[in-house]
Amino acid sequence: MVKDNETVIKEFNELINMTSSELKEWLMEGQSESSGWDKGDGSGETVGHESGRKIIQILEKNPDKNPDQYDEDDLQHMRKVVSYCKRHLAQEEKAKQNTDSKSYKSLKNGGHDPLKT
């Protein structure tokens, strides 16, 4: 069953606990590129790293988190991010215990810092 947009927005804003500045800083670090699936386009960027850049755009475009300001592209990406974060948080306690783990790095690429929860 597909979640309604209101639920997606609520869960996205609860799960994304990094500011756009924090996420930008993280994505500039080399370790942010050391986990995740390669996009396969020859750039060397991972899918999660690209997702993090999209999250920054969403956060900066709508800093007040006004539900009416999200467009369909935003909502589609937010839906993916919510699903990804929830799945990883449910499966991976390791992310909170080991900041060198791929789980930790992947969650941070997605805007969720497990150590901030």
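1. A search of the whole structure finds eight salt bridges, a salt bridge being a side-chain nitrogen of Lys or Arg within 4 Å of a carboxyl oxygen of Asp or Glu. The model is predicted, so that local features need pLDDT of at least 70 and side-chain atom pairs count only at pLDDT 80 or more, while totals for chains, interfaces and linings use all residues. Residues are numbered from 1 along each chain as its sequence is written, and side-chain values use heavy atoms, with hydrogens and water left out.

2. One of these salt bridges joins E11 to K3, with the closest N and O atoms 2.4 Å apart. E11 counts as buried at 13% relative accessibility, whereas K3, at 32%, counts as partly exposed; here buried means under 20% relative accessible area, exposed over 50%, and partly exposed in between (1.4 Å probe, protein chains only).

3. Within helix α1, which spans residues 5-15, E14 and K10 lie four residues apart, about one turn of the helix, and their side chains meet in a salt bridge at 2.8 Å, N to O. Helices are DSSP runs (H or I, at least four residues), numbered from the N terminus.

4. A further salt bridge brings together the side chains of K105 and D100, at 3.3 Å from N to O. The two partners fall into separate accessibility classes, since K105 is buried with a relative accessible area of 8%, while D100 counts as exposed at 55% relative accessibility.

Note on methods: Helix = DSSP H or I, 4+ residues; strand = E, 2+ residues; numbered from the N terminus.
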